[in-house]
Amino acid sequence: MGYSFLEQPMLLSQALHLTSILLASASFIGLTLGAGLPEWLAALTGMTLIAVLLQNMGMKSVDRFTTRMPVSAIGWNLIVFGGFVGFWIDLLWVSGDLLPAGLHFLMILMVIKLFNLRLRRDYLHLYAISLVAMLASGSLMTDLWFFPIFSIYLLAGAWTLLLFQLTKTSEVGGDVWMPEPIRHERHEGSHRVSPRLFWIANGLAFGAFLITVVIFFTIPRVNAGIYQKGFGENLRMSGFSDKVNLGAIGSIKRDPSVVMRVELPRSPLNDARPFYIRGVSFDRYDGKVWTNQLSYRRSLIEESPGTFTFRGKRAFSRAQLGEAIQQKILLEPLDTPVLFAAPFIESVMGMFPSLFFDATGAVYLPFPSSSRIEYTVVSRSNVLVSEDLGSESELYPESVVRQYLQLPFQPDRIKTLAAEVTQRQHNPYEKATAIQAYLTRNYRYSLDAPLAEQQQPLEEFLFARKTGYCEHYATAMVIMLRTVGVPARLVTGFMATEWNEYGNYYVVRQQDAHAWVEVYLPHSGWIRMDPTPTEDNPAAGGPVWKVLGPIVDNIKLQWNRLFVQYSAADQLAVVRELKAESMSVRNKALDSMTVLFSAFMTLLSEIVSHDVSRIRIGLLGELLGFAGISLAILFWLRRRRPWTAWNLWKNDRNDELVIVQCYRTMRNYLIKKGLSSSTAIAPLELVEITRSRWRDAHFSVASITELYCRTRFGHIPLTYEDLKRAEDELHHLLELQKSSL
Amino acid sequence: MPFQLPTFAHRVFRYRSTRITSEGLQFLIFVLAIGIAAINTGNNLFYLLLAMMLSFILISGIAAEYCLRRLEVRRHVPDLLFINTPVTAALVVKNQKSLLTSFSLTLSDVGDDQSVSPSIELHSLLPGASRVLTYQLTPTHRGRLLLSGVRISTEFPFGLFTKRAFYSREDTVVVCPEIQPVHERLLRGLFAAGYEQAVHRRGHGSDLYNLRLYQAGDDSRSIHWPTTARTSQLTIRETEAEEQRRAIICVPTSIPMSHDVSFERAVSLAASLVQHLTHHNYSIQLRLGSERSSFGQGEAHRLDLLRMLGLCQRITPTADSMRQDNWTDAHSEVDGGGTVVVIQAWSDSETGETELPWILIDGVLIPGTAHAA
């Protein structure tokens, strides 16, 4: 049975060293995750941190290694100089950029400083380096990872600053009259991390965290820049430029990276139906490459600050419009300026300097964003009208005919096939539906179709392999429709199917990139049709990840929304919300007060008028009951003082805790051995009983009890030796066989 | 009473003040830099770091305030101090808070808005606990020393700022002039004058009065054995009555400002004489300008005289004050049975050294006497 209550708390200086290393570690991890440091540098810094940590924990072999390093002060200065030279070499020839070269040099400095933590100035240098590293991490990383790293950094920072301050002064001069041993003992005790200090440090860190959150949300956002400047790499996208090779989308179909998240605030939730997010469309196909001939861009009109509309520009849209769909989109940094949204965009709201659109209805940013952007879009799709279902006439506008009936070559086989498929159909919609059905039924979806290398990939798809993916299906349908005289175009975008039920939004990944067809109907306008059959797309990860994935993604979204994307507009919204809430609360409080006050007044008036029979017994009982319970709680608190027990455990007197635990263990053991029947036995009485009934244990019991009484009731501090003796006596007692009883 | 801003501000800043430390300055420079970076880039994670640093500043203020609140301070100093003589003063500080420990306290005793003690560091003070802290107090000026309160400061929790609190605790102690060994020439003068002018009477004392032959009834403890052995006759040693030893010490206070140093020396010399003569059981009267003490001897009288000397003030000479400084009646008061010592810091007819006071014992100038030789 091993009892050990006696643990020497850590020295403040040792704790400072430890927290300083933790502080540096947090910033290093943040920087590594954000900047992607070179492997050798990350390994070097990581190993240095582990080495100094092990040294701090008292591992002698590491300590021997670090202390015997044959590097003098001049040697370290030379290493710093070498690092500086390396920085210039890195800047000019290796990285070629100031930021990565600076970060590499920063890590070198951190390593040097970690090996030279001797003076207080060295600690300050390390803190400055770690702060700069955190700053760099914040500029390079906006992922959810930053939050736990920041929290650890804050905790370690609070501890470090606190310990740095406490180790600054040594208690001198105030008690010169004291005998030297007592003075030494007192100073020794005050330079360790006591339980009280432990809780105070954590409490300060927690308080700082709460205040940080409050300040973060209330500090006015005065953004001099328009975009958040990020140095991270954008997601590489293909299929969203003016010129796209057939099969370009296939290359990104296996990438699970999140591209955007789409909320539908005013639409009913529907997690079963796929949600099409339009990017760009293409009108010309040369047999291998799709191009957009209508790529001339014009500015959208900014109706009010941050709100851009098409107002009168969509003249070609003669169709009846469907229901408006509002979407709130959080778009990751992409290498394309296309602004994605459900077709067809009517207005865009977001902090953009300007927006552009082309004749196909695609909307563009002035340049690709290097950081996440958030915007709201109102879209309205065309509705299939009944005239297009019955009419056989094909009256297309000249511009549509000229642009969307282009064919790349003389596709005789395709023309024959299309004619066969649509021979029984009379109107464009029926023809389109027939071709869509034909493709969906007769072709197999597969991403393993190397059609891009073929000379005639479309014919290869239609007549030879009969397997392909969305681009092949959509291209085939567009070309087949055009051969039978129906205007159509290929559209690239995303088909969102992953609904996050925790956050009520669609998660759109790279692998959701999709191509589909827009068919022009004389009365309805552009109608979306998708010939691609449903693919079997097994979700990545195990069953645990299936459950946790949406939750984590939702947390990521909230992190982005609340922290990364938090803006002045959000602050205004919060203020408005609070104002409305305060009004509501005030009104409710007034109503409640009025009701309460009127009840009191009624009661008082009834009492004053002595008409006791009319007093509402129920209300009176409630009031009296409330008062009685309150008084009882106050009385209990006053009598029992529950906070005193809590205070005892938070006492700096660690020796008191140790001896109390020793005594309790001893008492319980003696009770178990039958020397007493109750824990409510006076200490000296227990000693007396032991003396008379179990003489072998008497000395141990008397020793522990004496130390217990001295501390507990005499408030005399115990030395480490006293506590060690008490623990030894307890061990001795527990090993005693009660044979002599 | 109308609200007076300067008085209010004085009170506020007297009882609480905050100073920035060197580490705090570096911290603020970083805050400023990160703030500028946050505004320039609009990066919310910079704002998050900025908020963290601002929260540390805020927490510093709150925690330091709680550290300095509800402390009770008491002071123990001797009733009488002497210039340039260190004494041990004690400060008792008690944490009256029930839950919170006060950390990293620095105490200093304050008199007339200036610290009179070195800084005393106190690492921590548990709730309800008290500590006795001592320091050496060495006064440098004679007169009343006003100890107005105790200034307690802390850099807790993060060492970014030094927050100070002033606990008012007024004590007034009298600082007496410095007491030094009396110069040999002065001692010789006193010795000579004492023998010439004292009325010799038998009585209880320690100094020799007479030797005579033993008579029946004499106390055998008074036999002077060396003489008895030499003369082979029992000889009795008679002692001189101590009450005969009387002295009046006069210190004129009508001194021009130019002779301030000399006056201080005169006062210090008077205090040294009081100390010396009390030790030799003189009955002493002290005359400081127009102020006179009664004749007396013993420890209590000595302290009274020293207190008088501690508090006496130089006054600018006027005809009236010069008349009050007149000490010629002192001889008639002792009536030939005592010594009159006049310590004059300045004379309207002086021509020589002005730094050293003149000393006249029974009207005879002790030549070249320099008390602070």
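**A covered strand and its surroundings**

Modeller: Strand β17 of chain A, residues 488-496, is mostly covered, with eight of its nine residues buried. Here, a residue counts as buried if 20 or more other C-beta atoms lie within 10 Å of its own, as exposed if 12 or fewer do, and as partly exposed in between, with C-beta atoms placed from the backbone. Strands (E, at least two residues) and helices (H or I, at least four) are DSSP runs, numbered from the N terminus. The model is a predicted one, in which local features need pLDDT of at least 70 and side-chain atom pairs count only at pLDDT 80 or more, while totals for chains, interfaces and linings use all residues. Residues are numbered from 1 along each chain as its sequence is written, and chains are lettered from A and ligands numbered from 1 in the order in which they are written.

Two strands are said to pair if DSSP finds at least two bridges between them. Strand β3(A), residues 275-282, is antiparallel to β17(A), and seven bridges link them; within this pairing, A:S281 has A:V491 as its bridge partner. Strand β20(A), residues 513-521, also runs antiparallel to β17(A) and is joined to it by seven bridges. In that pairing, A:G493 lies opposite A:H514.

Of the 741 residues of chain A, 35% are buried. Two residues are in contact if their C-beta atoms, placed from the backbone, lie within 7 Å. Among contacts in chain A between residues at least 6 apart in sequence, 76% join residues at least 24 apart.

Chain A also meets chain B: 45 residues of chain A are in contact with 41 residues of chain B. On the side of chain A that touches chain B, the elements giving two or more residues are α6 (120-140), α7 (146-166), α9 (195-218) and α16 (543-564).

Chain B has nine helices and 18 strands, and 39% of its 373 residues are buried. One of its helices, α3(B), has 25 residues and spans 36 Å from its first C-alpha to its last, close to the expected 36 Å; the expected span is 1.5 Å times one less than the number of residues. Because 18 of its 25 residues are buried, α3(B) is largely enclosed by the rest of the structure. Just after this helix, B:R70 adopts a positive phi of about 55°.

Finally, there are the nonpolar cores. A nonpolar core is a set of buried Ala, Val, Leu, Ile, Met, Phe, Trp, Tyr and Cys residues joined through C-beta atoms within 7 Å. The largest has 147 residues, and those with the most contacts inside it are A:A158, B:L49, B:I249, B:A270, B:V274 and B:V341. Helix α3(B), residues 44-68, supplies the largest share of this core, 15 residues. A second, separate core of 40 residues includes A:V259, A:F275, A:A362 and A:V377.
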